[in-house]
Amino acid sequence: MSMEKAEPTIIASSLSRRFGDIVAVDNLSFQVNAGEIFGLVGPDGAGKSTTLRMLASIMEPTSGSGSIAGYDVITEAEHVKDHLAYMSQKFGLYPDLTVMENINFYADLYGVAQKGRASKVDELLNFSQMLPFKQRRAGNLSGGMKQKLQLVCALIHTPRVLLLDEPTNGVDPVSRRDFWKILYQLLKENVSILVTTAYLDEAERCDRIGLIDHGKMVAVGTMSEIRLLMKGKILSIRSSRAREIKRLLQSSDNIAKLNERENMSSENNLGTDWQNVNLFGDRVHVVSDNIEKTEYYCRLMLEKFKIEYKEMNEIIPNLEDVFVSILGSERKDKVTSSDSTISANLDPIFADKSKISDGSSAVKANNAVTVKNLTRRFGDFTAVNSISFEVQKGEIFGFLGPNGAGKSTTIRMLCGLLEPSDGEGIVSGFDVKTQAEEIKQNIGYMSQKFSLYEDLTVEENINFYGGIYGLKGGILELRKDWAVEMAGLKDHRKSLTQILSGGWKQRLALACAILHEPPIIFLDEPTSGVDPISRRGFWDLIYEMAESGITIFVTTHYMDEAEYCDRLALIYGGNMIAIGTPIELKTKLMQNNPKQERTPNMEEVFVALIEEVDQKNKAQL
């Protein structure tokens, strides 16, 4: 890349922005060179979007300065816009217009000449793989295709600077890879790219990273430089019982007993150098200053409790490890409550762990969901094609697939919101065709958008959902107290929901969805766009719920989260193409692909499976 040859095309110098008493961006300084991708990473409410708006001349800084392509963002805003393309989190597309009509609208807006426009459009559509969809309405595109179309619209005037605010939020891994291929192509044209993202695997693809928190720049550098900021080293333990290992290693009682058994003096006790324990799918990461001592004790602990493991070794930290290490200690607030607090809060409301309906004898004793040849057609289009699977009680079941694969259609059928065209479905003992209303009363549902009313307070949202579920009087008050405690919002009962961070909204939405103690919970991309620390706290809560006998049915585009599930089903083009545990999908199904054996992570498996299905479909045509 041309980082050494060019002057910085994006400059933020002591940039600040206040909203009354709230400091959103605090004295922020950084530079981005031509032909460079710079990733701005930070937790919810850190000031990332505000920073991009100031650099795009949409919002004026309270103090400090910024420049784009040499033009001041305050005094030369018109020149800035001539050299800039800005892609916000909200789609700037017109759903009733076709792909070509949207592109031409933006071309006219940017003053792109008619001469040469057609060839420019075809070039952009070709390298974004959107050429076959020129006449399709934007509203009928998948999420990934909408993202790519918005990028095409932004690039129609060939900007020198591209600002992207979480451009792949909620987009499947296959579409995200296509999106990043486009960005790499732009680097060849010396475009400067500043991108904010909640996907830390994406941040690792950037040339440099800026870690921002509470409006301040905490660290800037390449991935190698950022890794040096990691506090402690990481011992990784891989096991099919990773969740159990995490609980075991976090128990102070177990640690004390082991220290006593080994007759260790107080200064050499296990825990002196043991900072924290984190779960990554089938791996447990133990952060410690003394890796040899930690490994010795972990082996003793697992041997004592007869827990098998496949690997135990020191590893290089990834960006999420560093992120949590730097910011985790500063954010131990009510949003990321400890496991003991979560468990204590769950016990009163989910005390009856056997609350599973017997509405139908067709369901097996251990199954919460049974699906046989379930199909849904819309006219001539088959959205879901004869899929079959079972979900056991208390299981965390992951449902994966690219945008438009049929995931949401399947969930709508299972929730009693959409009648199947063919096949059978039993949910919590009720038939999806004939007992839709009973199903709705026995499930919880949390959508990607959290389903909260932002102009209502926290307490008013809980009252609203409590009323929908028929909760009244003392029972509603009991559940309300539980909900605000679980969500970490005890001090914010009267606060408007719109001022809450993504992590708070997420937990509040979950609390509202399970006020009526449902035995099954459907979570549709529940952590989309939420920062890693909030996501970890949320998954700790999911684990506790599953162990209380609650069945969790979850869709996600985070491949690391997919590994947290007990089992996974992969749907593509309405067809079920794979099902099994994360380890089974990564090993057995991909055993003939040497690339996957060298890189055994879930995203690689996901993409490879879909590419394999695509090749088979093309061969049949």
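Reader: Which residue in S2 is the bridge partner of Ala12?

Author: Phe30 is the partner of Ala12. This is a predicted model in which local features need pLDDT of at least 70 and side-chain atom pairs 80 or more, while totals for chains, interfaces and linings use all residues. Residues are numbered from 1 along each chain as its sequence is written, and side-chain values use heavy atoms, leaving out hydrogens and water.

Reader: How do you know that the span of H11 agrees with its number of residues?

Author: The expected span is 1.5 Å times one less than the number of residues. For the 14 residues of H11 (291-304) that should be 20 Å, and the end C-alpha atoms are 20 Å apart, so the two agree.

Reader: Why is Ser428 called buried?

Author: Buried means under 20% relative accessible area, exposed over 50%, and partly exposed in between, with a 1.4 Å probe and protein chains only. Ser428 has 2%, so it is buried.

Reader: Is Asn373 buried, exposed or partly exposed, and why?

Author: Its relative accessible area is 45%, so Asn373 is partly exposed. Asn373 lies in strand S15 (residues 367-378).

Terms used:
Helices (H or I, at least four residues) and strands (E, at least two) are DSSP runs, numbered from the N terminus. Two strands pair if DSSP finds at least two bridges between them.
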